[in-house]
Amino acid sequence: MASRTRFCVARVRFAGLYPRKGSFRAAFALRRWLESPRIAKRADYGPRWRGHFVRIRSSVDVDDELRAWLQESHDTVGMQAG
């Protein structure tokens, strides 16, 4: 079975999971820039959306910090709050 990209959608798409050779890349949008060594790449999607990309090599990488960022992404970008 071929690897496929998965997206998270609330009112709008706010995150995705991209398969890579030997890992995944989690992508999510926030209304602010994150400063963390875990951020592998960033992208500016206009005045209100800041894209962040985190490499996931194992289940250990899906920790409380990443979960908090994804929750913030869901609440602010996905649900278009504030």
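Colleague: How many of the seven residues of S5 are buried?

Modeller: Six of them, so S5 is mostly covered, where buried means under 20% relative accessible area with a 1.4 Å probe, protein chains only. Strands here are DSSP runs of E of at least two residues, helices runs of H or I of at least four, numbered from the N terminus.

Colleague: What sort of model is this?

Modeller: This is a predicted model, in which local features need pLDDT of at least 70, side-chain atom pairs count only at pLDDT 80 or more, and totals for chains, interfaces and linings use all residues. Residues are numbered from 1 along each chain as its sequence is written, and side-chain values use heavy atoms, with hydrogens and water left out.

Colleague: Back to S5. Which way does S5 run against S3?

Modeller: Antiparallel, with seven bridges joining S3 to S5; two strands pair if DSSP finds at least two bridges between them. Ala29 stands opposite Gly51 in S5.

Colleague: And how many bridges join S4 to S5?

Modeller: Five, and these strands also run antiparallel. Arg42 stands opposite His52 in S5. S4 and S5 make a hairpin with five residues between them, and Gly46 in the turn has a positive phi of about 115°.

Colleague: Which residues have the most contacts inside the largest nonpolar core?

Modeller: Phe28, Leu34, Ile39, Val54, Leu66 and Trp69, in a core of 13 residues. A nonpolar core is a set of buried Ala, Val, Leu, Ile, Met, Phe, Trp, Tyr and Cys residues joined through side-chain atoms within 4.5 Å. Strands S2 (13-20), S3 (23-30) and S5 (50-56) and helix H1 (64-78) each give two or more residues to this core. S3 gives the most, with four.

Colleague: What does Leu66 touch?

Modeller: Leaving out residues up to four places away in sequence, Leu66 touches Phe28, Arg38, Val54, Ile56 and Asp61. Contact means heavy atoms within 4.5 Å.

Colleague: Which residues of H1 are buried?

Modeller: Leu66, Trp69, Ser73, Val77 and Gly78. They lie on the same side of H1, because they cover an arc of only 105° around the axis, taken from the directions from the helix axis to the C-beta atoms. Their cover includes S2, S3, S4 (39-44) and S5.

Colleague: What follows H1?

Modeller: Gln80, whose phi is positive, near 55°.

Terms used
Buried < 20%, exposed > 50% of the residue type's maximum accessible area, 1.4 Å probe, protein only.
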